[in-house]
Amino acid sequence: MAAKIPSVTSLVSEAQTAFTNTYGGVAAVAVSAPGRVNIIGEHTDYNDGFVFPMALPLVTVIVGNKTESGMCRVKTLTNMADRPLQVQFEAPKSSSSQLTPSSPQLTPSSSQLTPSSSQPTPSSSQLTPSSSQLTPSSPTWANYVKGVVAYFPGLVSGFDAVVTTSVPLGGGLSSSASLEVATYTFLEALTANKPTSLKEKALVCQKAEHKFANVPCGIMDQFISTMGKKGNALLIDCRSLESTLVPLSDPAIALVITNSNVRHSLSGTEYPTRRRQCYQAATTLGKDSLRDATLSDLEKHKGSLSEVVYMRARHAISEIQRTQEAVDVLRKKDYVKFGKLMTDSHNSLRVDYEVSCPELDQLVDIANTCPGVYGARMTGGGFGGCTVTLVSCECVSDLIAHTNATYKGQATFYVCQPEEGAQVLSL
Ligand code: GAF
């Protein structure tokens, strides 16, 4: 059976109860921000390419109140290994947007491994964390909140907050980005800060992840958590940050997300290594990024690249093309072609990019033997987490039953429709 996804209302009410028990009183503000599933276009965002994610009904919720105490107090209801579950830290003394232009800029870091991208970068996120010098520390879960507070372009006088989430942690469904975007949305609601652009919001959250979680992620996760639209997946051009809504509400098909329950983490060396290899390939090909390269450019330079760098580039270049083609065929409801492209994407991630794992491969193989399945692939950063399968609606329960009977681990299933991005909730 597919997992039952808790309603946003139930998450809010659980967080409200905890708020009263922890701080006293009632929280006046509640926000939510979704996790995402990327349907196709993996490890392409930091190559200036295309991605095709949708926002999920799995969300992070924050409830809380503004204070004038100068302290930010946050409690999480998620039972993490990473203790304590309640933290407090000083609010910045000035907003990052109020820093003078002479403030030192962020130093280059692992997050800036690619040649200068044409992504618009908001001035606020180029600034150092504000004057109270918020810095990452233990517990790590709180760093996603701290990072956003540090780069938020508005004055934060203090707050009390409770966080809860239905996004599985380490499941490759963007629990980190949903916490960052929920935090930003919460701060917007608290400070009644005049709305910044949604792109700037996503970029500030990405910067928080780079600098406070030390993960040089691309823009996809923060972007879709901010800008998701009910009933639609989003084709995002990660170079221009323009996006196109693509309706995805055909009752004849379903997207099944299968969690391998193998924990994935981007904080190791593999993700930055992949970024660096793509950068190296682009430089050798004389391109700003692999978005500008074709497979024939790559063949011409094959002799100047190590075998591994050649393979990484072949994945990135082919995946950028595949994503555009996939969206074209999806618009024509050609699910057979779309499914084949999903499976091709998985194979490219498995063989050339080497970011899959035996459990994800097994889930994809199992899905592809089930009647009614068009295609399947791993989704997200890889090394564990989830697969996504396109299947005709009437075959969903057979897919789940067959996977349960044959998968060597314990899988969890979510059958999801595309949902809205981050929202302030009415209480
Ligand atoms: C992670 C990153 F955060 C994204 O930016 C993206 O690169 C993805 O892995 C792979 O497509 O989710």
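Visitor: Where do the ends of residues 18-65 lie, and what is the span made of?

Guide: This model is predicted. In it, the end C-alpha atoms of residues 18-65 are 13 Å apart, and the span is 58% strand and 12% helix. An unreviewed UniProt entry annotates residues 18-65 as "domain: Galactokinase N-terminal".

Visitor: Is A401 buried or exposed?

Guide: One counts neighbouring C-beta atoms within 10 Å, and a residue with 12 or fewer is exposed. A401 has 12 other C-beta atoms within 10 Å, so A401 is exposed. A401 belongs to helix α11, residues 396-406. The C-alpha atoms of A401 and A2 are 10.0 Å apart, although 399 residues separate the two along the chain.

Visitor: At what angle do helix α6 and helix α8 pack?

Guide: An angle of 65 to 115 degrees counts as roughly perpendicular. Helix α6 (residues 270-284) and helix α8 (residues 307-331) pack at about 90°, with their axes 9 Å apart; α6 and α8 are therefore roughly perpendicular to each other. On the α6 side, R274, Q277, C278, Q280 and A281 make the contact, while α8 contributes V308, V309, R312, A313 and A316.

Visitor: Into which classes do the residues of this contact divide?

Guide: The contact of α6 with α8 has six nonpolar, two polar and two charged residues.

Methods: Residues numbered from 1 in each chain as written. Predicted model: local features only at pLDDT ≥ 70, side-chain atom pairs only at ≥ 80, totals over all residues. UniProt positions renumbered as here; feature names shortened; annotations may be inferred. Helix = DSSP H or I, 4+ residues; strand = E, 2+ residues; numbered from the N terminus. Buried ≥ 20, exposed ≤ 12 C-beta atoms within 10 Å, placed from the backbone. Axes fitted to C-alpha atoms, helices over the stretch in contact; angles between N-to-C directions. Parallel < 35°, antiparallel > 145°, perpendicular 65-115°, else oblique. Contact = placed C-beta atoms within 7 Å. Nonpolar A, V, L, I, M, F, W, Y, C, P; charged D, E, K, R; others polar.
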